[in-house]
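Colleague: I am new to this structure and would like to learn how to read it feature by feature. Could you take me through it slowly?

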Amino acid sequence: METPFSQYMERVRGSRPLVHHITNYVTVNDCANICICAGGSPVMTDGEDVAEMVSISSSSVLNIGTLNSRTVASMEVAAETAESKAVPFLLDPVGAGATGYRTEVSERLMSMGPAVIKGNAGEIGVLAGTGGDVKGVDSRGATDAAASTEALARRTGAIVVASGEVDYISDGKVTLRLSNGTGMLENVSGTGCMLSSVVGCYIGACGADIMAVAAAVTVFNVAAELAVGNCRGPGTFKPALMDALHSLDGDTLDARARWERA
Amino acid sequence: METPFSQYMERVRGSRPLVHHITNYVTVNDCANICICAGGSPVMTDGEDVAEMVSISSSSVLNIGTLNSRTVASMEVAAETAESKAVPFLLDPVGAGATGYRTEVSERLMSMGPAVIKGNAGEIGVLAGTGGDVKGVDSRGATDAAASTEALARRTGAIVVASGEVDYISDGKVTLRLSNGTGMLENVSGTGCMLSSVVGCYIGACGADIMAVAAAVTVFNVAAELAVGNCRGPGTFKPALMDALHSLDGDTLDARARWERA
Amino acid sequence: METPFSQYMERVRGSRPLVHHITNYVTVNDCANICICAGGSPVMTDGEDVAEMVSISSSSVLNIGTLNSRTVASMEVAAETAESKAVPFLLDPVGAGATGYRTEVSERLMSMGPAVIKGNAGEIGVLAGTGGDVKGVDSRGATDAAASTEALARRTGAIVVASGEVDYISDGKVTLRLSNGTGMLENVSGTGCMLSSVVGCYIGACGADIMAVAAAVTVFNVAAELAVGNCRGPGTFKPALMDALHSLDGDTLDARARWERA
């Protein structure tokens, strides 16, 4: 009998994990707000106090959406500190495959022991070496998302999430196929980044556990499904998504969750 | 017989241009989202992979809203790459005239071959040398916006847009006067930046064509007119603007468009 | 007989102060928009033209939310310029007490003559040396917020604001206790930063006057109270807060204001 996702959600809300972020300046505000709505306490710092802040955090989210040499150096400090303090960190390799620089930085951070690697199917395909098509920061598809996810998890030891219309999660042994969500998520910038922040809350509160990661993805996607009914388009969808995540109740979550072993 | 604006809109939506941005950190999220709602795919990068990203983009938007020496250097790389790869780029000289540094950077980027220069009437007046009053990042008016726009277009070879209650667009030969829009746009930070992103989508999909630029400005302003009826103030106007742009239909656009030769 | 808060609000709206900001990249867009809704004109610059921009501004807001060595250097230039040009500046010491770097930078900027220091109760307690508990950027409480506020005001000569469920404001001689607001403010990232921007508008228009600061805090909190009735959660609360502040009328403000001498 699996632990229902609602119990992970309760654990997050009950412990209010401090989630450190070094993320891009495009979607950072949405990451902070979704983190609060998921039950976490976000803190963003990429300056001289990164190591000190990561040390007191429950988890760290490293997102390369608008990377530059200064922020990459800060991410390396964050990753090293996380490793040495046993703080789980998540890598979101935004745009890996679109430029050589992004692929290279992703590989470097990937070698530093992330608990979770979360990308779109194209990015995960590129990093797994199984083939992925990335243009700008959008995935244009991958050869076989389930296989890429499992291959990258096996190679890195991380829990790997490939998001898309269907989401795959693998720890190298078990691979899950999750099918909640809505196409509206594609119409808003940064929904992938927001999902990373939610996963950050869950690994901060529950540890690097494949079911905690699956709960995070499902919580986000179910909130998105509910938000569609309370909006008139992409502009009003985003605040509706925040509202839905904040007020999501456990019974609704468990009743709507759709996942299976892949 | 002019091509109706709706046909430009269809071309943008059908081709989903990749629009590179180096823009300010104040309004960057709104730029990304309005770009999606206009039919484009936004990508923001100002780090080591600027040249590589611009090379694969359909257009580039350079906005100096929160410039510093690092980002200005990146904008120069973007402009050079755009020039050499025949990628049209737009310059938004935010705050030119408010400080000497902004005026100087604007002039430097202006000399690098922008396809479009889009500012408020004060900024365009300053850059045209015909007189403009800029305080902070707001225009306090200009001597004669139509004349400034035409003069700057003639001097630079760019298509120039001076936004305001009435918008002027000139390629140095033809000057257009557009009168859609709403005063509510003044109550939201970054509506000028968002307009630049929408123009970026249109020149990315349709090339540097004065009618494509006029279509972009009209699409944005008509969406703003429609959004006013779906909001309770500046806060709810912004998401309503996104919604309206995303769902705008061609017949409504063509019926509401108000423009003439100046 | 005290001047009613509505008269301060009229003065801000009538003069449209230019409010310079160096703030964090997480909540900067909300700061810009709340500043407009409060009646000010925001300008954000932290690059080579800081001194020139501060010189023409009515006030400056320095917020260390995502500090790094480059932006701290810019804040020092802003503070020096503000001092020499008699432009009042506000310091928001975000996360002071959470890391040594933040505490140290806060103390340095605090010694440069801020007109106002605005933090949460934990941050003010840390800087006053009376004890405060700060985790990430959230206050976990302070020994005695009223006493901390007064002590820090006396030591620095600034007007000090400690925000929380109840807000305290002191100029070292008089200490006020303000009790408007709503718990919903805790569910949105950056409401403390937004409050700082609103205070920036008021000191820009009215000077560094304890009653002007109290008016700013009350205007913001009353708008928040009104917004709660127009939202479905934290996501829709933020735009509703902008709307409510923009349309707040003086009679409502004065009727709802709740404050007393502490």
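Predicted model: local features only at pLDDT ≥ 70, side-chain atom pairs only at ≥ 80, totals over all residues.

Colleague: How many residues of strand β5 of chain B are buried, and what follows from that?

Modeller: In general, helices (H or I, at least four residues) and strands (E, at least two) are DSSP runs, numbered from the N terminus. A residue is buried if 20 or more other C-beta atoms lie within 10 Å of its own, exposed if 12 or fewer, and partly exposed in between, with the C-beta atoms placed from the backbone. Here, five of the five residues of strand β5 (residues 116-120) of chain B are buried, so the strand is largely enclosed by the rest of the structure. The covering applies to both faces, with B:V116, B:K118 and B:N120 buried on one side and B:I117 and B:G119 buried on the other.

Colleague: Which strands pair with β5(B)?

Modeller: Two strands pair if DSSP finds at least two bridges between them. Strand β4 (residues 89-92) of chain B pairs with β5(B) in the parallel sense over two bridges, and B:L91 has B:I117 of β5(B) as its bridge partner. Strand β8 (residues 159-163) of chain B also runs parallel to β5(B), joined to it by five bridges, and B:V116 has its bridge partner in B:I159 of β8(B).

Colleague: What kind of unit do β4(B), helix α5 and β5(B) make?

Modeller: A crossover is right-handed if, with the strands pointing away from the viewer, the path from the first strand over the helix to the second runs clockwise. With helix α5 (residues 100-110) of chain B, the strands β4(B) and β5(B) make a right-handed β-α-β unit.

Colleague: How far does helix α4 of chain B reach, and which of its residues are buried?

Modeller: The expected span of a helix is 1.5 Å times one less than its number of residues. Helix α4 (residues 69-85) of chain B has 17 residues and reaches 24 Å from its first C-alpha to its last, close to the 24 Å expected. Its buried residues are B:T71, B:V72, B:M75, B:A78, B:A79, B:T81 and B:A82. After α4(B) comes B:A86, with a positive phi near 60 degrees.

Colleague: How many residues of helix α6 of chain C are buried?

Modeller: Eight of the eight residues of α6 (residues 121-128) of chain C are buried, so this helix is largely enclosed by the rest of the structure. Just after α6(C), C:G129 has a positive phi of about 75 degrees.

Colleague: How many residues does each chain give to the contact between chains B and A?

Modeller: Two residues are in contact if their C-beta atoms, placed from the backbone, lie within 7 Å. Chain B gives 29 residues and chain A gives 25 residues. On the side of chain B that touches chain A, α10(B) gives the most, with eight residues.

Colleague: How many residues do chains C and A give to their contact?

Modeller: There, 26 residues come from chain C and 29 residues from chain A. The side of chain C that touches chain A receives the most from α10(C), with four residues.

Note on methods
Residues numbered from 1 in each chain as written. Chains lettered and ligands numbered in written order.
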